[in-house]
2 protein chains.
Amino acid sequence: MMSITKAFVLSLSGLAFATLAHAQSADHSGAIKARQAHMTLYGTNLGVLGAMAQGNMPYDAEAATAAAESLVALAGIDERFYWPEGSASGMAEGTRAMEAIWADPEGFSAAQEALLVAATAMAATAGTGVEGIQAGMQAMGGACGACHQNYRVRQ
Amino acid sequence: MMSITKAFVLSLSGLAFATLAHAQSADHSGAIKARQAHMTLYGTNLGVLGAMAQGNMPYDAEAATAAAESLVALAGIDERFYWPEGSASGMAEGTRAMEAIWADPEGFSAAQEALLVAATAMAATAGTGVEGIQAGMQAMGGACGACHQNYRVRQ
């Protein structure tokens, strides 16, 4: 048991250097992968709610609430390890993160907070019916769009 | 504003079909991507704690606690959209998920619950010092390893 744990900790030790987020390191691929993974999970749960809102998936109150609560959990996660200095578009490969994220940290935090507020509202209404999802989706769309508009390079 | 929201919902509608998790669909790539994204985020936060536990990163109580609390949030997320029937290794591409996940749902849920318990313990001690991380890491390693041993195909 101890040796499994030791091996586990040792394997994590390598992972940390691959994953993190040191200003002094030029390789930010781990941090970029982490923030994109986080976005993937927003998409998974928003995809469920969007499909129900559009009538492309049968409405299921429990599943809708689960998806909305996952959005709340995700939006509440501390992202400090995702955004190392030097990992903006133009500085690192494979990212559309704008330099405004680092130039305007308060604005970026406020945009994240707005997403948490919208997700919390969605969690309160998603279980009440399709209309509850549709109402919640407007605020989610606004929060997602506002952050992407200000902090993500257009494709 | 309304048209932005509409475009957003429409884009999500397509996403849902790409992302999800229908037993009747052969394409489970979205669900597989979601569960792997979730694992990536475990890795990001465990990587921080592992590096501090090993002395490869300076101990920072606030960052350690943030990482541990992210693990708690992640471990508490409902994974119902990640594991559609037919998305086991041998049935779908690019996954090491064992059929045991579907054959033994209670065991799989218990393994996830054990991870949440371990993460919660880590969050309680990670801010107390390197020893607190090291203690928490043993339980985390046990929970990760037990689930991988029973539900993930060996490489």
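In the predicted model, residues 24 or more positions apart account for 68% of the contacts in chain A with a separation of 6 or more. The secondary structure of chain A consists of 6 helices and 0 strands, arranged along the sequence in the pattern α-α-α-α-α-α. Of the 155 residues of chain A, 46% are classed as buried.

Within chain A, helix α3 comprises 15 residues and extends 21 Å from its first C-alpha to its last, close to the 21 Å expected at 1.5 Å a residue. Its buried residues are A:A63, A:A64, A:A66, A:A67, A:A68, A:S70, A:L71, A:L74 and A:A75. The buried residues of α3(A) pack against α2 (29–54), α5 and α6 (130–151) of chain A, together with α3 of chain B.

Two packed helices are described by the angle between their axes and the distance between the axes. For helix α3 (residues 61–75) and helix α5 (residues 105–125) of chain A, the angle is about 160° and the axes are 8 Å apart. Because angles over 145 degrees count as roughly antiparallel, α3(A) is roughly antiparallel to α5(A). The crossing of these two helices is left-handed. On the α3(A) side, the residues involved are A:A68, A:E69, A:L71, A:V72 and A:A75, which meet A:L115, A:L116, A:A119, A:T120, A:M122 and A:A123 of α5(A).

Helix α5(A) has 21 residues and spans 31 Å from its first C-alpha to its last, close to the 30 Å expected at 1.5 Å a residue. The residues A:F108, A:A111, A:L115, A:A118, A:A119 and A:M122 of α5(A) are buried. They cover an arc of only 100° around the axis, and therefore lie on the same side of α5(A). An α-helix has 3.6 residues a turn, so residues three or four places apart point the same way. The face of α5(A) turned away from the buried side carries the exposed residues A:E106, A:V117 and A:A124. The elements covering the buried residues of α5(A) include α2, α3, α4 (100–103) and α6 of chain A.

In chain B, helix α5 (residues 105–125) likewise contains 21 residues and reaches 31 Å from its first C-alpha to its last, close to the 30 Å expected at 1.5 Å a residue. Buried positions in α5(B) are B:G107, B:F108, B:A111, B:L115, B:A118, B:A119, B:M122 and B:A123. Viewed down the axis of α5(B), these buried residues fall within an arc of 170°, so they line one face of the helix. On the other side of α5(B), B:E106, B:V117 and B:A124 are exposed. The buried residues of α5(B) pack against α2 (29–53), α3 (61–75), α4 (100–103) and α6 (130–151) of chain B.

The axes of α2(B) and α3(B) come within 9 Å and cross at roughly 150°, which means that α2(B) is roughly antiparallel to α3(B). The passage of α2(B) across α3(B) is a left-handed crossing. The contact is formed by B:H38, B:L41, B:Y42, B:N45, B:L46, B:V48, B:L49 and B:M52 of α2(B) and by B:A63, B:A64, B:A67, B:A68, B:S70, B:L71, B:L74 and B:A75 of α3(B).

With 6% relative accessibility, B:P84 counts as buried, because the cut-off for burial is under 20%. The C-alpha atoms of B:P84 and B:W102 are separated by 8.9 Å, although the two residues are 18 residues apart along the chain.

Methods
Residues are numbered from 1 along each chain as its sequence is written. Chains are lettered from A and ligands numbered from 1 in the order in which they are written. This is a predicted model: local features need pLDDT of at least 70, side-chain atom pairs count only at pLDDT 80 or more; totals for chains, interfaces and linings use all residues. Side-chain values use heavy atoms; hydrogens and water are left out. Helices (H or I, at least four residues) and strands (E, at least two) are DSSP runs, numbered from the N terminus. The expected span of a helix is 1.5 Å times one less than its number of residues. Buried means under 20% relative accessible area, exposed over 50%, partly exposed in between (1.4 Å probe, protein chains only). The arc is that of the directions from the helix axis to the C-beta atoms. Contact means heavy atoms within 4.5 Å. Axes are lines fitted to C-alpha atoms, for helices over the stretch in contact, and angles run from 0 to 180 degrees between N-to-C directions. Angles under 35 degrees count as roughly parallel, over 145 as roughly antiparallel, 65 to 115 as roughly perpendicular and the rest as oblique. A crossing is left-handed if the near helix is turned anticlockwise from the far one by less than a right angle, and right-handed if clockwise.
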